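Please keep the structure open while reading.

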Amino acid sequence: MTSAQVSSNGEEAVRGDAPEEGYERGLGSRQVQMIAIGGAIGVGLFLNAGANIAKAGPSLILMYAVAGVIIFFIMRALGELLLYRPVSGSFAEYSREFIGPFFGYFTGWTYWLLWVVTGMAELTAAAIYINYWFPAVPQWVTALVFLVILFVANLISVKLFGEIEFWFSMIKVTALIGMIVIGLGVLTFGFSAAGDTASVTNLWAFDGFFPKGIGSSLMTLQGVMFAYLAVELVGVTAGESENPEKTLPKAINTLPWRIGLFYVGALTVILCVVKWTEFAPGVSPFVKAFAMIGIPAGAGIVNFVVLTAALSSCNSGMYSTGRMLRTLADSGEAPKVFNKLSVTKTPAFAITVSVLFMGIGVILNYIVPDKAFEYVVSVATGAGIWTWLMILFSHVRYRRAVDAGRLPASSFPAPGGATGSWIAIVFLLFVTGLIAYDHEARVSLYVMAGWAAALGVGWVVLKARNPQVAERREPELDKVG
């Protein structure tokens, strides 16, 4: 493994510099920051938190805080790798380099699957949210319109993608800050219909902080981790950030206060304003809180915010699947045609094929609008945990190489070295055990086992046709522009 590589113009680029992959570095600091923030705020918080509150009560706050610490370890590990070698393939590339070609292949395709499936589910969700205002419009029509709009935006330029994601994230952030401010106002001044019962004592007054027991609280960790999925998306932007050496560390280092404010802070305020026994599965805690406070438009506001969260996720899915397919093509693990860039420096063909697969969700919305893709959402958690584990194991191997003097040190080292990564690995394996224990959630492990078998067969076929695919090598992307 060499410490330098030759660029297309013959100049030597020291390992650790951002390689020229042909992409336009069109994502500024403002957009990368909001992509990072938006990745940490999704439908998992706005909708799924209601079911978890019913299971764990106020202790859910602690579960989000603990999981947030683990997410920070994961992102600091990724950050160290990104500043060692910022590439658009990100964790798939690092898995290939530090663990082995098969793991790069498996991680790349698994992350592609994660976002294709998520895109299908989010299109369905967005169509359902639109039905709140326009019940006469068929779900498949709404899903198709959103699919086409986001597809065209992703083809035009990475700048447009970044701008759309910026405003989607801004809406989510504004809604959460508004909820926190209103909730604090209710607690401090006692106004609104909830003012008489709102109190910090609501956190322990009803059967304690762990009303259902510690075991029940721990079982919510799988849902909590699902809420944090997509936070790693900032790593995929590395190859298109204007100044990754500055923007990526800033985006990652602000993660603790984002988690503290938007997850821990928002849930704490809500559970102080409304006692936990009022919440139930299938009801957004934000809708419930707005209703208790007496804001008549609360349901409509939250519906709009969750709609933007769904569209944001689908938009991110189109972006990341296209980049991941291009990385796989460059490594000989997908057809070479996916390696091509359009005149606007986007992987247009890779995005198009991914969108066609997402379009299956539109067909399902036409055939079975009431059950469209309820069963595929669980795949995201399994694929997400695999991706995080590959980031962590790659980081551990990278640190060993640095300590042995085989590779240069990153300019953004993770605090504590590989210790945080090992802690996060143990935690993720523990969560996987919880998923296996839960008879409803373990279906995701069955799906992942089937996916692993399919990829294993694909790998055998690939090696038979092209033995070089199993060799470790430096990435050689087409240079454009």
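Of the contacts in the protein chain between residues at least 6 apart in sequence, 80% link residues at least 24 apart. The model is a predicted one. Its protein chain holds 19 helices and two strands.

- The protein chain has 481 residues, and 58% of them are buried.
- The accessible surface of the protein chain is about 18,700 Å², and carbon and sulfur atoms account for 67% of that surface.

**Nonpolar core**

- The largest nonpolar core contains 151 residues, and the members that touch the most others are Tyr-64 and Ile-71.
- Helix α6, residues 101–133, is the top contributor to this core, with 17 residues.
- As general background, nonpolar side chains in soluble globular proteins tend to be buried together.

**Helix α3**

- Helix α3 spans residues 49–56, and it is largely enclosed by the rest of the structure because six of its eight residues are buried.
- Those buried residues of α3 are Ala-49, Gly-50, Asn-52, Ile-53, Ala-54 and Ala-56.

- Helix α5 is mostly covered, with eight of its eight residues buried.
- The buried set in α5 consists of Phe-91, Ala-92, Glu-93, Tyr-94, Ser-95, Arg-96, Glu-97 and Phe-98.
- Helix α5 (residues 91–98) packs against helix α14 (residues 298–330) at an angle of about 30°, and the two axes are 10 Å apart.
- Angles under 35 degrees count as roughly parallel, so α5 is roughly parallel to α14.
- On the α5 side the contact involves Phe-91, Ala-92, Glu-93 and Arg-96, and on the α14 side Met-324, Thr-327 and Leu-328.
- By type, the residues of this contact between α5 and α14 are four nonpolar, one polar and two charged.
- Ser-95 is located in helix α5, and its relative accessible area of 0% makes it buried, because the cut-off is under 20%.
- Leaving out residues up to four places away in sequence, Ser-95 touches Gly-100, Phe-103, Gly-104, Thr-107, Met-390 and Ser-394.
- Gly-100 follows α5 and has a positive phi, near 150°.

**Glu-232, a buried charged residue in a loop**

- Glu-232 belongs to the loop between α10 (221–227) and α11 (244–253).
- Glu-232 has a relative accessibility of 2%, so it counts as buried, and Glu is among the residue types classed as charged.
- Its contacts, not counting residues up to four places away in sequence, are with Met-75, Leu-78, Phe-91, Tyr-111, Trp-388 and Ile-391.
- One of these partners, Phe-91, is also among the α5 residues that meet α14.

**Leu-455 in helix α19**

- Leu-455 sits in helix α19, which covers residues 443–465.
- With a relative accessible area of 7%, Leu-455 is buried.
- Setting aside neighbours within four places in sequence, Leu-455 is in contact with Tyr-105, Phe-106, Trp-109 and Thr-110.
- Leu-455 and Trp-109 are 346 residues apart along the chain, while their C-alpha atoms are separated by 8.2 Å.

**Two further loop positions**

- Gly-359 is placed in the loop between α15 (348–358) and α16 (360–367).
- Gly-359 has a relative accessible area of 15% and is therefore buried.
- The C-alpha atoms of Gly-359 and Ala-143 are 8.7 Å from each other, and the two residues are 216 residues apart along the chain.
- Asp-207 lies in the loop between α8 (158–189) and α9 (214–219).
- Asp-207 has a relative accessibility of 64%, so it counts as exposed.
- The phi of Asp-207 is positive, near 70°, and the residue is not a glycine.

Conventions:
Residues numbered from 1 in each chain as written. Heavy atoms only, no water. Helix = DSSP H or I, 4+ residues; strand = E, 2+ residues; numbered from the N terminus. Buried < 20%, exposed > 50% of the residue type's maximum accessible area, 1.4 Å probe, protein only. Core = buried A, V, L, I, M, F, W, Y, C linked by side-chain atoms within 4.5 Å. Axes fitted to C-alpha atoms, helices over the stretch in contact; angles between N-to-C directions. Parallel < 35°, antiparallel > 145°, perpendicular 65-115°, else oblique. Contact = heavy atoms within 4.5 Å. Areas by Shrake-Rupley, 256 points an atom, 1.4 Å probe, with all protein chains shown as cover.
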